[in-house]
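Have a look at the structure first, then read on.

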Amino acid sequence: MNSHMTSAHVVIVGAGFAGINAAKKLGNKSGIRVTIIDKKNYHLFQPLLYQVAMAGLSPAEISSPVRSILVKYKNIDTVFGKVTNINLSNQIVQTEFKQYEYDYLILACGASHSYFGKNEWENFAPGMKTIEQATEIRRRVLTAFELAERENDPQKINSYLTFIVVGGGPTGVEITGSLCEIAYFTLNNEFKNIDPKKTKIYLIEAGKKVLANFSDSLTAKALADLNKIGATVLLNSRVENITQEGVWLNGKLIPAATVIWAAGVQPSETGKLLGTELDQLGRVLVDNYLNLKNYKNVFVLGDQAHAKGKNNLPLPGLAPVAIQQGIHTAKNIIQIVNGKSPSPFEYFDKGQMATIGRGRAITEFSGIKLSGKIAWLCWLVVHILYLIGFRNKFFVFCQWTWSYITFGRGARLITNQNWKNNDS
């Protein structure tokens, strides 16, 4: 620790689940001051981002300003900025406008979507890791129905009313379920020239089953539910190309105006600034204490970290993992500052859940398997409890209650990212 400092300075890069929970745990602790840096000024509840993309919730309902979350902690400074370099030997974090010396560094910058080397696909199939991407998907989905309504060419109408989701993990399944609900219920009676019930919704998965991390019985139930609500699921199907016309599979084109990417993620590029060993996905290798090799004062958490679980496999990129890592790392820093030994991180697996649509979900915990309405209710309760801020919990609960009763969606606005006024 730098001797000239009266208190230990902890720099946290990233205000996601790991960073924000570490900051809260370190809040108002004597002998510690904290600087949290993020290129966004808000904390985003990513598990519900698909609800923004599918017009179920507005961005404000799943995000909270970092400053307001941490306002009661007098020892925390919030910095809006982007980290450009990290000097481990001199213990300095460089942003585009200032450098910050640290005694302890927590790197928790999350992940973005990965196109497995086919980055040109992004224009035609946006991923969903940011609010901007989610609102762009919402714009494309709602615009497709509007363009189909005014079109006379049957082939173009077919293309507009075909939606393809690539990736059969929780995000892909949740998007697919929501698309079915929008097409077959929400918009059912709102158009004069088209029948939204004729919409085709494809879910493409390269593996042999959807929701691969769940047990076979639950994935079979999820697949049955997807078929029941009108989705066409294509398993063992690897995408060959994505163009403006649609998706190529097995040398054949599936014409679709709207393609959504939910097939892969890659950790933040900031991990490369450490100049240390990365795994094949680009995650930083850490030890049992979540420390960087040879640097006991540097911690890497969440989606950025390759941390081993009890089965010696890397822990998944899930919110509960990041939350537990953030809290544990903060406790360890407090222990070290107080002259005590840190403890290794052990992930407590609270199970997993995925929703397939209205009243349909699967959940699995400690050998207990649930599906249908009871699993869906569990999913609702857990996601509302995890939301930060009473206001967000209240509005999301009200919105979901209204949607359940009416099949309505409250955020069906087609907005454009171009902010300039084009009327003149």
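What follows covers the cores, the rings, the cysteines, the salt bridges and one glutamine.

This is a predicted model, where local features need pLDDT of at least 70 and side-chain atom pairs count only at pLDDT 80 or more, while totals for chains, interfaces and linings use all residues. Residues are numbered from 1 along each chain as its sequence is written, and side-chain values use heavy atoms, leaving out hydrogens and water.

Let's start inside. A nonpolar core here is a set of buried Ala, Val, Leu, Ile, Met, Phe, Trp, Tyr and Cys residues joined through side-chain atoms within 4.5 Å. Buried means under 20% relative accessible area, exposed means over 50%, and partly exposed is in between (1.4 Å probe, protein chains only). The largest core has 113 residues, and M54 and F145 touch the most other members. There is also a second, separate core of 15 residues, including Y115 and I164.

Y115 turns up again among the rings: together with F116, W121 and W261, Y115 belongs to a cluster linked by ring pairs. Rings of Phe, Tyr and Trp (its six-membered ring) pair if their centres lie within 6.5 Å, and the whole structure has six aromatic pairs.

As for cysteines, there are zero disulfides (cysteine sulfur atoms within 2.5 Å). C180 is buried at 1% relative accessible area, whereas C109 is partly exposed at 26%.

Now the charges. Side chains of opposite charge can pair when their charged atoms come close. Counting a side-chain nitrogen of Lys or Arg within 4 Å of a carboxyl oxygen of Asp or Glu as a salt bridge, the total is nine. Here are some of them:

| Salt bridge | N to O distance |
|---|---|
| K40 and E132 | 3.3 Å |
| R139 and E136 | 2.8 Å |
| K209 and D216 | 2.6 Å |

In the K209 pair, K209 is buried at 19%, but D216 is exposed at 56%. Shared partners join E136, R139 and R140 into one salt-bridge network. R139 and E136 both sit in helix α4, three residues apart, about one turn of the helix (helices are DSSP runs of H or I, at least four residues). R139 is partly exposed at 22%, while E136 is buried at 15%.

Finally, which residues does Q324 contact beyond its neighbours within four places in sequence? With contact meaning heavy atoms within 4.5 Å, they are F345, E346, Y347, F348 and K350. Q324 lies in helix α8 (residues 319-337) and is buried at 16%.

Conventions:
Phe/Tyr/Trp six-rings, centres within 6.5 Å; stacked < 30°, edge-to-face > 60°. Helix = DSSP H or I, 4+ residues; strand = E, 2+ residues; numbered from the N terminus.
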